[in-house]
Amino acid sequence: GDFQVFFGLLIASTQLIATYTMASEDGVEQFAFQAEINQLMSLIINTFYTNKEIFLRELISNASDALDKIRYESLKDRSVLEAQPELFIRLIPDKENNTLTVMDSGIGMSKADLINNLGTIAKSGTKQFMQAIEAGADVSMIGQFGVGFYSAYLVADTVTVVTKHNDDEQYVWESAAGGSFTIRPDTSGEKLGRGTKIILKLKEDQSEYLEERRLKDLVKKHSEFIQYPISLWVTKEEDKEVTDSEDESPADEDAEKPKVEEVDEEEEAKEKEKKTKTVKETSSDWELVNKSKPIWMRKADEVTKEEYAAFYKSLTNDWEEHLGVKHFSVEGQLEFTACLFVPKRAPFDMFEGKKKLNNIKLYVRRVFIMDNCEELIPEWLNFIKGIVDSEDLPLNISREMLQQNKVLKVIRRNLIKKCIEMFNELAENKEDFNKFYEQFSKNLKFGIHEDSNNREKLAELLRYYSTKSTDEMTSLRDYIDRMQEGQNAIYFITGESRKAVENSPCLEQLKKRDLEVLFLVDPIDEYAVQQLKEFDGKKLVNVTKEKLDLPETDEEKAERERVEKECENLCKVIKDILGDKVEKVMIGQRMVESPCVLVTGEFGWSANMERIMKAQALRDNSMGSFMTSKKTLEVNPQHKIVKGLLKKVEADAQSKTVKDLTWLIYDTALLTSGFSLEDPASFAGRIHRMIALGLEGDDALDDVAAPADDADDDMPELEAGDAVTNMEDVD
């Protein structure tokens, strides 16, 4: 820890040495803002936003986080609370000085924290937030990027931060933006004991944030469910009855009246009434603003949608409402309560390696413990936000104990189960589920890859376009409902894009037979289907791989065997020419209009997987050697090109024309089957020679043009004229 502080200060000092000055008399040090933070502040100050009120939500949220940290430390060492035992957030509007103060008794900041956290070291979210704003996002997203403090400059010209950490002296940080900030020891100000006080010198047109009603409304709107008391310093005028003697005003008519001796009690009471009067009296005091009971402790049917939305926003700093919520309690041997939310959009850093692995806050008997407990929920559910409150875990549990804790494992299983229930509830509303699937389909597929226990349940949630469902995505369940009688497999094709797979040669026979094929065009689909071997007893079959056994009649089988025998020599010649580029050459069932297609071995990589793996920046090259697809070239004996090639082989199997045409067929099959060309220059050379042959042969080949009705002779005679010598030069 000391080394980190030293290292942070070292970085800060080397960055700032050109703009750093020190006044020896009062100890004021001046620093320059880091460039990205300076840009961020300029963006906040100079751009017009109507939604400026979010600054208060951000500052209260930061205060709550600081209180969480000190409370967690106090579980291990009670003495950290001695300087200020009470945990609170306070708001102090001062109309006279035009300032609003947000004060907390949280963990506070040391001098090193002030330098690093408020100005010199940009968090990863700084740049992403600016990019999001430039792309049209709302400023209220700022908290999600970890730079919420700077929203203070939406309403303030100058921000002063007074702070005291248990391990350091009290310091004052101050900046009016303008590229720099100052830090000085606080020797004369009010002693905080521990915590932070942020004083905002409001802009002239922002005085609404000094009004009691406005501040109460904002706390209720954005921060009602913060777990610490938020108190507002309010000034009240009360009517108070005072007697004449208590009243300071000497000019009273009753004083001049002669005193009369009273006989009866009624008259005496009336006389007393006459001698009192009402005056206005001003008093100031703290008023608790967030009086709500923690929402997860209430029954789910008692909480309104609006209350869930308010709680979600205060919990996550999201500017939008949630898409789905699951609020439940588990009782019995183990007791806990949870409130889980699905956001409307995926976080910008969902699959970044360095981010927090989950967004679930762990409480034990209403006391916040931590918000990054990795054992609480699996990585594929890292977009779920919410809280879990356990009755069984010890308050002082350490991170090491959590890893071994059986209670946590049971909670984790229940959370996964309830999340899947929540997704199924979302699926009942097509519009909501489409929004969910657009944002989080990768997580579901990642879950299928990672979570063997819930694979079948997650597969129910998958949606794909298909040859029969081109306008909207279909589920595997709907696919099975549409299956033909006798069909015992779910057919799918993987590829780079829907456009790339829709016209694949691999689909031709299946389309002709009216068999539906699913389009799996997300890279993570390749990983998911490796684990999801079947669904509801039906095997998943990749149509770009070998052993595509389509149903056939006895007549069709006999015809296929006859053609295989007829083309046996052609397949052998093609294999000899291509060598180890292909494992084998055979007659294929899957084509109708294409001359040939390249398919891969049943257990190796598909063409699409090979493309994905080649794109991995840090891939292991040795792995590619044994996982690279073993290719099989399937030819279509009914196609005129194959028929023409068969005639050439029968005439002269060793001719260079046969060799050249074979390579052209192979290269085009590579492209149409989703592979990349190994030698694009040679392919281009062959195509250019074909073009040249066509241009030279416009006149020379007129006399060898085939009759329109003779399909077998549709191809130009490549040996005609001198042009063929050019073709024969192509390897």
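Modeller: Arg57 counts as buried because its relative accessibility is 3%, where buried means under 20% relative accessible area, exposed over 50% and partly exposed in between (1.4 Å probe, protein chains only). The model is predicted, so local features need pLDDT of at least 70 and side-chain atom pairs pLDDT 80 or more, while totals for chains, interfaces and linings use all residues. Residues are numbered from 1 along each chain as its sequence is written, and side-chain values use heavy atoms, without hydrogens and water.

Colleague: With which side chain does Arg57 meet in a salt bridge?

Modeller: Side chains of opposite charge can pair when their charged atoms come close. A salt bridge is a side-chain nitrogen of Lys or Arg within 4 Å of a carboxyl oxygen of Asp or Glu. Here the partner of Arg57 is Glu58, at 2.7 Å from N to O. Glu58 is buried because its relative accessibility is 1%.

Colleague: How many salt bridges are found in the whole structure?

Modeller: The search finds 32. Among them is Arg90 with Glu86, whose closest N and O atoms are 3.8 Å apart. Arg90 is buried, as its relative accessible area is 19%, whereas Glu86, at 43%, is partly exposed.

Colleague: Which parts of the chain does the pair Asp525 and Lys445 link?

Modeller: Those two side chains form a salt bridge at 3.1 Å, N to O. Asp525 lies in helix α17 (residues 523-531) and Lys445 in helix α12 (residues 430-450), distant parts of the chain 80 residues apart; helices are DSSP runs (H or I, at least four residues), numbered from the N terminus. Both residues, Asp525 and Lys445, are buried.

Technical notes. Helix = DSSP H or I, 4+ residues; strand = E, 2+ residues; numbered from the N terminus.
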